[in-house]
Amino acid sequence: MQDNTEDKIRLQVFLAHCGVASRRASETIILDGRVKVNGIVITELGTKVSNDDVVEVDGKKIALEAEKRYVLLNKPAGFVCSSSDEKGREVAGDLLKDKYSERLYNVGRLDMYSKGMILFTNDGDFAAKLSHPSSQLEKEYIVETSQDVPEDFPARFEKGMRIDGTFYKCVSCKILKPRKIKIILIEGKNREIRTVLESQNIGTKSLVRVRIGNVTLDELKPGDSRDLTPAEVQGLLKLVHK
């Protein structure tokens, strides 16, 4: 976006550039009547705004972030991936508040009981590109199970399995130990790994996401975070453009 105040962009794009949420999530925020422009509640997605307009979300004025942030968080178990939680559960983004002043939102999700890599940003375009179904971005998980994993399970998961009308298929699955497996997904439906294992009467003791595209968790401790390097950011964008 250019600084020229005469340039106007769609409200949901403006919210994304301000670090409120991704474009898609910003659309929901607008439709829910949570956004005011110059004191007027706006619920039309086609509305356009400029830097001269006063935009508020939930009564708080927002502005364009001066610096783009790309952050990796090692999410501990027990935290949910959302901007807030009506049930009062701990939110993963709160782990970043002491370190980052910008409004950051998560790109993708991990369920509350899963651990590992979550990316946060205030760059709406970056989030949209990584989150788009066509991105084909690999996500790697290490899973510890409560029961031994059958030898034929990896081949069946790689071929694809239909469970309760939904088709689940991984890129690869490898047994590391009788009760430890490595799984690589591209699409990643909600609770996919847990659902597939449960369908085989296998419980999940621990699920950790250790890689997203070219970015790895390495030695980052649970609850800790770090900025992505410029090379990592560009590497992610190159992968989703392929």
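Visitor: What makes a residue count as touching K75?
Guide: Contact means heavy atoms within 4.5 Å. By that rule, and leaving out residues up to four places away in sequence, K75 touches C81, A92, L110, D111, M112, S114, K115, G116 and I118. K75 itself is found in strand β7, residues 70-75; helices (H or I, at least four residues) and strands (E, at least two) are DSSP runs, numbered from the N terminus.

Visitor: Before we go on, what kind of model is this?
Guide: It is a predicted model, in which local features need pLDDT of at least 70 and side-chain atom pairs count only at pLDDT 80 or more, while totals for chains, interfaces and linings use all residues. Residues are numbered from 1 along each chain as its sequence is written, and side-chain values use heavy atoms, with hydrogens and water left out.

Visitor: Which pair does meet the rule, with R34 as one partner?
Guide: D58 and R34 do, their closest N and O atoms being 2.7 Å apart. D58 lies in the loop between β5 (55-57) and β6 and R34 in the loop between α2 (23-31) and β2, so this pair ties together parts that are 24 residues apart in sequence.

Visitor: Why is D58 called partly exposed?
Guide: Buried means under 20% relative accessible area, exposed over 50%, and partly exposed in between (1.4 Å probe, protein chains only). D58 has 47% and R34 has 34%, so both fall in the middle class.

Visitor: What makes R211 and E138 a salt bridge, and how is each classed?
Guide: Their N to O distance is 2.8 Å, which meets the rule. R211 is in strand β15 and E138 is in the loop between α3 (124-131) and β10, 73 residues apart. At 15%, R211 counts as buried, whereas E138, at 28%, is partly exposed. There is also a network: salt bridges that share partners join E67, R69, E102 and D227. Within that group, R69 and E102 come to 3.2 Å between closest N and O atoms, and both are buried. The total is 13 salt bridges.

Visitor: How do you know how many disulfides there are?
Guide: A disulfide is a pair of cysteine sulfur atoms within 2.5 Å, and the structure holds 0 of them. C173 shows the test at work: the nearest cysteine sulfur, that of C170, is 5.2 Å away, and C173 is in no disulfide. C173 is buried at 7%, and C18 is buried too, at 1%.

Visitor: Why is β10 called largely enclosed?
Guide: 6 of its 7 residues are buried, so the rest of the structure largely encloses it. Two strands pair if DSSP finds at least two bridges between them. β10 passes with β14, antiparallel over 6 bridges, and with β15 (residues 204-212), antiparallel over 7 bridges. I142 has K182 in β14 as its bridge partner, and V143 has L207 in β15.

Visitor: And what makes β3 and β6 edge strands?
Guide: The open sheet has 4 strands in the order β3-β2-β5-β6, with antiparallel pairing. β3 (40-41) and β6 (60-61) each have a single partner strand, so one side of each is left without a neighbour in the sheet. β2 (residues 35-37) pairs with β3 over 2 bridges, and K36 stands opposite V41.

Visitor: What makes a set of residues a nonpolar core, and which members touch the most others in the largest one?
Guide: The set must be buried Ala, Val, Leu, Ile, Met, Phe, Trp, Tyr and Cys residues joined through side-chain atoms within 4.5 Å. The largest has 29 residues, and F120, V143, F153, F157, I183 and I193 touch the most other members. Elements including β7, β10 and β14 each supply at least two residues of this core. Another core, of 21 residues, lies apart from it, with L130, V208, I212 and L236 among its members.

Definitions and conventions:
A salt bridge is a side-chain nitrogen of Lys or Arg within 4 Å of a carboxyl oxygen of Asp or Glu.
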